[in-house]
Amino acid sequence: MQLHITNGDSVANKLRQGAVQGEVMAWREIYSVGPVFRDMAAKDHREIRARDLERRLGIPQEEYLKIEEQERLLRNLEKYEEIVLWFEYDLFDQTMLCYLLHSLASQALGHTKVSLLCIGDYPGVEPFYGLGQLTAEQLKALAGTWQPVGERELALGSRMWEAYTSPLPEEHVRFLQEDTSALPFAKPAFEAHLSRIPSVTNGLGIIEQTTLATITDKEYGPHALFAEAGDKLHMLGMGDLEFWQHLKKMSIEPYPLLHIQGLEAFPAFRNPARSFADCRITLTALGRKVLDGEVDYLSLKGIDEWYGGLHLDGRSIPWRWDPGRNELSRSGPDVSR
């Protein structure tokens, strides 16, 4: 019997329409948001993460903690002849994939095979954002094209997870210097991860920078802004709920970068806040200055944010992202925790 693990419910539901044989499980996580730990099966780590995701995204703690059920399944794979992983190229997917590979690498799988289908494009689908775009028939056409996962893939996936969840900036930097050819999308996804860190240019990460640059002197509704900015940020695989939280941080006092006219409430988990669609978003005067590089936003407002296992806190941080060199550069005293 096969077990197919997918990057979300949309793909899982389509696979269940006869695209594959065996069982299908959607891996429900969002490792690109909030604190992440090497051992995600540990009860205290799950609880820390549950509290953070409730605060950030409004996901009830009891809802998130259902993850224990899928963790339990992941550690009881003996009945399956083959585990097939269905993922794509972006940060959202690659962090899930490397976690699963890390977990599988630590197990004695016996005769259970592991296979991987991981793509960055699909014929006739342009632009390609992910497996969720494909129909059940298109997914069925991919069945059987997966490749065997061997020691190289397991080792690299495990190493990426260890680097991603490390509290040490040096470990994140070191991963980009490794041979990542066993998983072709690992390096660009990890670079996308690091690009979220405040830049040497103006103290904004790639999400904030792209959002301001998209708006410039225009006025946007939130959904149109997400569509355009999200298209530019496709390597992150960011969902709308995550994007709304970035808009929230950029628009609240003190030192707002955005003005959101007509705002009553931001959408949250299972709470669409329908009036939010009618809001109009523009840059504040400070937003224009930061976008032009006249003000360093990090030095002004400070930061308290998680990037995988890396926690950056304060108005001076040890590393900043250099978009010109596509690398982290040392900057200031080490205040990471």
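My entries below cover cysteines, a helix pair and one asparagine.

**Ground rules.** I am working with a predicted model, where local features need pLDDT of at least 70, side-chain atom pairs count only at pLDDT 80 or more, and totals for chains, interfaces and linings use all residues. Residues are numbered from 1 along each chain as its sequence is written, and side-chain values use heavy atoms, with hydrogens and water left out.

**Cysteines.** How many disulfides are there? I looked for pairs of cysteine sulfur atoms within 2.5 Å, and the count is zero. For Cys-98, the closest cysteine sulfur is in Cys-118, 11 Å away, so it is too far for a bond. Cys-98 is buried at 1% relative accessible area (buried means under 20%, exposed over 50%, partly exposed in between, with a 1.4 Å probe and protein chains only). Cys-279 is buried too, at 0%.

**Asn-7.** I found Asn-7 in the loop between β1 (2-6) and α1 (9-19) (helices are DSSP runs of H or I with at least four residues, strands are runs of E with at least two, numbered from the N terminus). Is Asn-7 buried or exposed? Asn-7 is buried, with 10% relative accessible area. Leaving out residues up to four places away in sequence, Asn-7 touches several residues, including Trp-27, Trp-86 and Leu-131 (contact means heavy atoms within 4.5 Å).

**Helix pair.** I then checked α10 (residues 206-215) against α12 (residues 240-251). Among the residues that meet here are Ile-207 and Leu-212 in α10, and Phe-243 and Met-250 in α12.

Key
Axes are lines fitted to C-alpha atoms, for helices over the stretch in contact, and angles run from 0 to 180 degrees between N-to-C directions.
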